Amino acid sequence: MTIPRPGDTLADAIRQHLKFSLGKSSDVATLTDWRMALSLAVRDRIVDPWFASTRAAYDKQGKRVYYLSMEFLIGRLLEDATVNLGLMDEVTEFFQSRGLDARKVMQDEPDAALGNGGLGRLAACFLESMSTVGCPAYGYGIRYEHGLFRQSFDRGRQMEGPEDWLTEAHAWEYERTEAQYRIGFGGQVKQLGDRTVWQPAETVLARAYDTPMIGWQGRWANTLRLWSARPETVFDLGRFNAGDYYGAAEPENLARTISRVLYPDDTTEDGKRLRLKQEFFFTAASLRDILRRFDSEYDDLKLLPEKVAIQLNDTHPAIAGPELVRLLVDEKGMAFEDAVTVAQGCLGYTNHTLLPEALERWSVKLMTDLLPRHMQIIEMIDAMHKNAHPDRKVEMIGGGDVQMGPIAFFMAHKVNGVSALHTELMKETVFAELNRLHPNRIVNETNGITPRRWVLGANPRLSRLVTDAIGDGWVDDLERLQEIEPLADDSSFRDAYDAAKRANKADLAAYLGQRGLSVDPDAMFDVQIKRIHEYKRQHLNILQTIALWQEMKDAPQGNWLPQVKIFAGKAAPGYVFAKEIIHLINAVAEVINADPDTSHLLKVAYPANYNVSLAERLIPAAEVSQQISTAGKEASGTGNMKFALNGALTIGTLDGANVEIRELVGAENFFLFGMTAPEVVARREVAEHAKKAIAADPRLKRAMDAIEAGIFGERFPSIIENLMGHDYFCVTSDFSDYWRASRELEVAYRDRAEWTRMAILNTARSGWFSSDRTIRGYMADIWGAEALTI
Ligand code: F58
């Protein structure tokens, strides 16, 4: 076999892989064959920088960063790697000469949906940025066989099917049969002399799969290590021979369940148990791996905080605190208090939500049952904290539950929020008491996004335009986008910027057209894409859409601005109300899109199965970015940053990172509406605030009446009752101001030159939202890690 060497041309390497790795000749190769051959050829070029980075990190003996996350929403990897290695032109040319479109080849790659939303995508952006800035790091997570469910619609309702990215050819991972750990659950804790020993009742094996993550220009490469669960005994031959064929496969099935899907529905007890098992499974395997690496280099465990930074992406891996203490005390013989200090020195915790129902807690019963030794250690940690702060009001174990937020807080030396507002609210609300006891522990690291994927890869037209104007230095120094600011006043640059947006819109229109919805690429494209949640208020957007449609219908000859309202997003399988919102949007779309009076003016699109790849299509084509959460509820948002960078104007509330976006792009280039966070809190205290808001706004009342009257098929009683009742998320109270801002935005849109100027200023001033900046912030404020080069 001829192994392509990086010295060969890329074209040679692709041909060789097609022949020798895939056993195909070019005349019969399918798109998938070409995609795999290309992936393998590109992957070969990652291996040397990957080895060199690993070696440089060893030689330096500095600090390594370990990012523990239940989710890595990495999407497709081929285009990213090709872009970062500067191979895009070569690849385009190669396929062009064969009559193939390189982008089509790349789009054949399955989208790895190993996450729910922003939290998972942030982890993926961070991996790329850590490689770009040369921060020596590992990402640790779970190799879900199916990832998040695949969404489809049946008569407007969300249907969930399995996502099967791994059943398709996947080029990026290396299985590491030697990196395998035994992970236990349940059983008993025994005292053997002065040693405490946990004897689990059940064990599974965690097997590592490594994916290299290459940084910009191949400067550095880190590893994403995902754990897959497998049984200790693959097959029970005894049961098989006795004729029990199903039973024989049971150990395998039980073990594999752990890494089968992302977020099993945890509304049931069994679901909760499985979820806690998943969390412990990958956290424990990762810690064992970290300690093994540390032990191979050093022999004094007190050095751990100097050499190891472990970041907990939300509380999902928060069992890391107790588990690290357990390993240090029970297996390494360290004194308990020293172990707590060492663990705190290593750990950092990122909080992503203030929603009380989203803060993780596990019943004491479940914890004791599944992780008996950890339950003891949690009690010891709690007692230690109470001893140090006898007047404390916070509880780590309360109401029959183990509270993971306070445990993560106490076990970390730094706790961070993800936007300035969120961090302040953390100090005032969920962690007020812990912040009082541990001042200076909370820091802010405003989120960011990688410009390589979200501009260079996803929006080649805009990228070319910018690079032609100021060179390509912006790609890894995003604040240099400021250099295009003067061009906002240059009409030929504005025309070119506009033309790029128009072409992106035409691409999206074609895509929607293939899915059965024809839209006018000259209409205004208005986009809201994110997880479906009441606090994100997709129902506010659809109510306003209904009201607009009603007014258009009253006077179809009026001077209306043609627009396309685009929604995308999934609802958690157990979140019934969110699924009702999806159903309502689809029901409204069906009626509005078929209305001959208005269909030239207004369309509603809801492409199914929102994922990273769909976001990459939608964002470059967006002109309006809907960021309309109830103030105080969206921790940060990162979609908002992607839109602003790609030249969409935001209509939004003073929430999360919207606040910082507005400050940077300028209040005059942002459409603000709605109550502030303190106003929201005050409004909830007003008796019948929703009824009053509805009575005060005839447009809102009329839109709600239409829903109730069954104009959209069903009557959606749960939504109507919620909005007329407590309306916790203040949809009704914010409606009037949202309407006002939406109409002002339409007026602004009609002035093409001025609109484009504002869009350019959004691009020019959003450079601060690069995840390179965020990572440098974590390195300096939390990790104490140093950037390396190869
Ligand atoms: C998101 N959280 C925040 N959670 O909502 C968003 O404001 C922020 O920008 C982003 O994190 C990154 O900091 C988020 O995506 C989830 O997906 C949950 C995971 C656990 C189950 C419920 C959803």
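User: What makes up the shell around the ligand, by class of residue?

Analyst: In this predicted model, the shell has six nonpolar, nine polar and three charged residues. Altogether 18 residues surround the ligand, and the closest are L119, H352, N447, E634 and G637. Gly counts as polar in this classification.

User: Which part of L119 and of G118 lies by an oxygen atom of the ligand?

Analyst: In L119, a backbone N or O atom is placed 2.9 Å from a ligand oxygen atom. In G118, a backbone N or O atom is likewise found, at 3.2 Å from an oxygen atom of the ligand. Both distances fall within 3.5 Å, and the two pairs therefore count as polar contacts.

User: Why are strand 14 and strand 15 said to stand at the edges?

Analyst: The sheet is open, with three strands in the order 14-16-15 and antiparallel pairing. Strand 14 (361-363) and strand 15 (397-398) each have a single partner strand, so one side of each is left without a neighbour in the sheet.

User: Why are the buried residues of helix 30 said to line one face?

Analyst: In helix 30 (residues 717-724), I719, I720, N722 and L723 are buried. Seen down the helix axis, the buried residues fall within an arc of 165 degrees, so they line one face of helix 30.

User: Why is strand 10 called mostly covered?

Analyst: Of the 13 residues in strand 10 (residues 202-214), 11 are buried; each of these therefore has under 20% relative accessible area.

User: Which strands pair with strand 10, and over how many bridges?

Analyst: Strand 7 (residues 174-185) pairs with strand 10 in the antiparallel sense over nine bridges, with Q180 opposite R207. Strand 11 (residues 221-230) is joined to strand 10 by 10 bridges, also antiparallel, and L205 stands opposite R230. In the hairpin of strand 10 and strand 11, six residues lie between the strands, and Q217 takes a positive phi near 60 degrees.

Definitions and conventions: Residues numbered from 1 in each chain as written. Predicted model: local features only at pLDDT ≥ 70, side-chain atom pairs only at ≥ 80, totals over all residues. Heavy atoms only, no water. Near = heavy atom within 4 Å. Polar contact = N/O pair within 3.5 Å; in protein donor to acceptor, adjacent residues only side chain to side chain. Pairing = 2+ DSSP bridges. Helix = DSSP H or I, 4+ residues; strand = E, 2+ residues; numbered from the N terminus. Buried < 20%, exposed > 50% of the residue type's maximum accessible area, 1.4 Å probe, protein only. Arc of directions from axis to C-beta.
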